[in-house]
Protein chains: 2
Amino acid sequence: MLSYLDMTPNQLIEEKNKVSAEYKRYVDMNLKLDISRGKPGAEQIKLSSQILDVLSSKEIYEYTNAEQIMNYGIVDGLPEVKKLFADMLGVDSDEIFVGGNASLSLMYDMIARAMQFGFADSKRAWGKEETIKWLCPAPGYDRHFAISELFGMQMINIPMLPTGPDMDMVEKLVAEDDTIKGIWCVPVYSNPQGITYSDETVKRFANLKPKAPDFKIFWDNAYCIHHLTDTPKTPLNLMSECKKAGTEDMAFMFASTSKISIAGSGIAAFAASKKNMDFLLKQISVQTIGYDKINQLRHIKYFGDINGVNAHMQKHKEILKPKFEKVLGILDKRLKPLNIASFNSPEGGYFISLDTLEGCAKRTVELCKGAGVNFTPAGATYPYGKDPYDKNIRIAPTMPTIDELETAIELMCVCVKLASLEKLTA
Amino acid sequence: MLSYLDMTPNQLIEEKNKVSAEYKRYVDMNLKLDISRGKPGAEQIKLSSQILDVLSSKEIYEYTNAEQIMNYGIVDGLPEVKKLFADMLGVDSDEIFVGGNASLSLMYDMIARAMQFGFADSKRAWGKEETIKWLCPAPGYDRHFAISELFGMQMINIPMLPTGPDMDMVEKLVAEDDTIKGIWCVPVYSNPQGITYSDETVKRFANLKPKAPDFKIFWDNAYCIHHLTDTPKTPLNLMSECKKAGTEDMAFMFASTSKISIAGSGIAAFAASKKNMDFLLKQISVQTIGYDKINQLRHIKYFGDINGVNAHMQKHKEILKPKFEKVLGILDKRLKPLNIASFNSPEGGYFISLDTLEGCAKRTVELCKGAGVNFTPAGATYPYGKDPYDKNIRIAPTMPTIDELETAIELMCVCVKLASLEKLTA
């Protein structure tokens, strides 16, 4: 195959006619597929559906503290569950708070409380400041950016490098601007690029010298055990590095079982330093009488401990690996030789990130939609939904079946080609 | 028995010596009882423990939409569950939002969002106002007041009458002060007095003419079906009355199954007008990807519908009625003839409210604690924990066994007597 970049104008026009006809055939198929969200597939959810069977009314009363578990209270979560998340995040149990079914809500709440009350090290509530700025490594997770946008933060794009966020830029910005209060991070298998932060990046995070006394790193470890290979990356632990540097009050870590057990009915947790935890528990004790401890116990009964969870993740890997391979195989075959797209080959996580030629992402997604296949809107991976180069597309291979994926990605390749040809012949 | 108020000084001193000796006998018993919180008792929780058995991994897949239920999404709750709460609160299903396991969190969130964003009818976010004032019918629920206090609201005490809050005062205050943004209400079997608002009170609420355009009634219907008699009160419905008056944007209603199914693992909901719901859903969709729908479905599978719930509440009544009768019997026998305390005889809800002589509540609770029995701290039923008369004590009869209750209330009567005698002989 000839690279599009090497084609003559006539060759490009000829190719465009060919690809247009190909696209039309897809339109005529009346497809209806949605691969827009990073939801687990049905097969994955089925993996842990027996979690619904492990805690009967008979079995719960085998616990001596059954009545405590079933009644109100224990606001920070059951000790066994705190231990599970402590092991998952590499912190101590007393640094863990266990919440409801969504770590996203824990992040939202953390920001909402900061806006209202500030943190222990804040001069005042963030909402009382003229301006709150937030660093957003991009491409990144659209729901993170949506929280920042809702709270009226000024989001600053930070380029992603193969080692994680551009730390030169992060260090410089936080050192000189005390209105910068935090940063979103997905340190392991980042959303959408699948980048795992290097040890040096983690160290540089732990050793940041922010001008704001209450600068916070939101370390969303959503994919910390969501490996696609047998040789998983084990990056340095942020909290440990922060403790060495005496900066542990800067770090909040988040995790959940949403992509481990049943997606909508998992449990979530955050980790925080003792000082932060003491400060937060006073507010959280007003906010709730405690989260659902029976669902917490259900997870312990089903998984046992972190080893049980890790063993279970192997089963997810077996389901997900062929899906990722399917997508990458098609992209390799259809797009690589044409020099019109680049994409990563992730070792874990939930996404494949594809970069088209500049200015072609929106048009590609629009063309896909025109043929009945929904992708994540182009731009969604950037703050305010604005990709400055209009080139990034997030592919979420987990939810569709392999057959659906094959159709969707084959179509997508046609659309990338067509959008590229439109640009090159314009 | 001679009323303390009719005793001569010498009789009082003699009685005090007698009661002191009685108190000492209790201290020597080394009791350790906690009747401070309105938690359901073990027997009540056991009533619905089989809710854990109704939704096995096999059974969930009998639902055609099982995968949707198990995955992320459906932020406002399953339709069947919305219908259940709609029937419970007397509103339409599309006026219902179903949350997690605690209505308290839904109320906290509602205030938190108002502080940050305001409501559709707000001029600006409440947090941008100099002052936010809040009406607090008192005695009332300490956790309501704790939310207002945390958010820095100025709380205004509203006296409770047998018909509900003093509506003359409520009407006057809201009409003249636009910094008054809302009111806490427990309209049925109020906490702690067990007062059910009269129809006239409900109508007057619906017809309030607040100066603040975004004044909100927080209608915490925590005990709407928690009857202790066979002839339950059925007060007018606030939302219906508001619709008649065109004021439905003023009303938020809250309920949960916390005191119906398993206390710590129930489901909660709020009701709001269409305008409010549309406004709120935009924010809530950033806050969460949806609450635990499996636990929602579990409730539907166990209870069926509102009729199933009402039938189940009969069983709670059978457990609770003897407890309330035990407390009231002791109070009647020990305190009534002495003219040193008054108390209500509730027809539902979770509490008995006892008024000592002025200035004796704190001392009574302190004496109880000295003998190993914890009551709700005196003052807790008032904003800022400050009972202006130091006379109200909240008795929570639900959690202890009948035997524990008997001991605790007998002791309490001794303590009320002793505190009264200390006052009368001072």
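## Two helices side by side

In chain B, helices α8(B) and α9(B) run roughly parallel to each other (a label for angles under 35 degrees; over 145 is roughly antiparallel, 65 to 115 roughly perpendicular, and the rest oblique). Helix α8(B) covers residues 167-176, and the two pack at an angle of about 5° with their axes 11 Å apart. Here an axis is a line fitted to C-alpha atoms, for helices over the stretch in contact, and angles run from 0 to 180 degrees between N-to-C directions. Helices (H or I, at least four residues) and strands (E, at least two) are DSSP runs, numbered from the N terminus.

Who does the touching? On the α8(B) side we find Met167(B), Asp168(B), Val170(B) and Glu171(B), and on the α9(B) side Thr201(B), Arg204(B) and Phe205(B). Contact means heavy atoms within 4.5 Å. Sorted by class, this contact has 3 nonpolar, 1 polar and 3 charged residues. For that sorting, Ala, Val, Leu, Ile, Met, Phe, Trp, Tyr, Cys and Pro count as nonpolar, Asp, Glu, Lys and Arg as charged, and the others, Gly among them, as polar.

## Before you read on

Keep in mind that this is a predicted model: local features need pLDDT of at least 70, side-chain atom pairs count only at pLDDT 80 or more, and totals for chains, interfaces and linings use all residues. Residues are numbered from 1 along each chain as its sequence is written, chains are lettered from A and ligands numbered from 1 in the order in which they are written, and side-chain values use heavy atoms, with hydrogens and water left out.

## The greasy inside

The largest nonpolar core has 198 residues, and those with the most contacts inside it are Phe205(A), Phe270(A), Phe205(B) and Phe270(B). A nonpolar core is a set of buried Ala, Val, Leu, Ile, Met, Phe, Trp, Tyr and Cys residues joined through side-chain atoms within 4.5 Å. Buried means under 20% relative accessible area, exposed over 50%, and partly exposed in between (1.4 Å probe, protein chains only).

Take Phe205(A): not counting residues up to four places away in sequence, it touches a list including Met167(A), Val170(A), Tyr197(A), Trp219(A) and Met250(A). There is also a second, separate core of 54 residues, which includes Leu228(A), Ile352(A), Cys360(A) and Cys415(A). Over in helix α7 of chain A (residues 142-150), the buried residues include Phe145(A) and Ile147(A), along with Asp142(A), His144(A) and Ser148(A).

Asp214(A) sits in the loop between α9 (199-206) and β7 (216-220) of chain A. Is it buried or exposed? At 0% relative accessibility, Asp214(A) is buried. Its side chain has a polar contact of 2.5 Å with the side chain of Ser122(A), and another with the side chain of Lys181(A) at 2.7 Å. A polar contact is a pair of N or O atoms within 3.5 Å; within protein, one must be able to donate a hydrogen and the other to accept it, and residues adjacent in sequence count only if both atoms are side-chain atoms.

Asn71(B), in the loop between α4 (66-70) and α5 (79-89) of chain B, is buried as well, at 5% relative accessibility. The side chain of Asn71(B) reaches across to chain A, to the backbone oxygen of Pro40(A) at 2.9 Å. Leaving aside neighbours within four places in sequence, the residues in contact with Asn71(B) include Lys39(A), Ile45(A), Met399(A) and Lys293(B).

Most residues other than glycine have a negative phi, and most peptide bonds are trans. Asn339(A) isn't a glycine, yet has a positive phi of about 60°. You'll find Asn339(A) in the loop between α13 (306-334) and β10 (341-343) of chain A, partly exposed with a relative accessible area of 44%. Tyr384(A), also no glycine, has a positive phi of about 60°; this residue is in the loop between β12 (373-374) and β13 (392-395) of chain A and is partly exposed at 39%.

Chain B has cis peptide bonds to look at. One joins Ala138(B) and Pro139(B), with omega about 5°, and Pro139(B) is in the loop between β3 (133-138) and α7 (142-150). Another joins Asn191(B) and Pro192(B), again with omega about 5°; Pro192(B) lies in the loop between β6 (180-185) and α9 (199-206).
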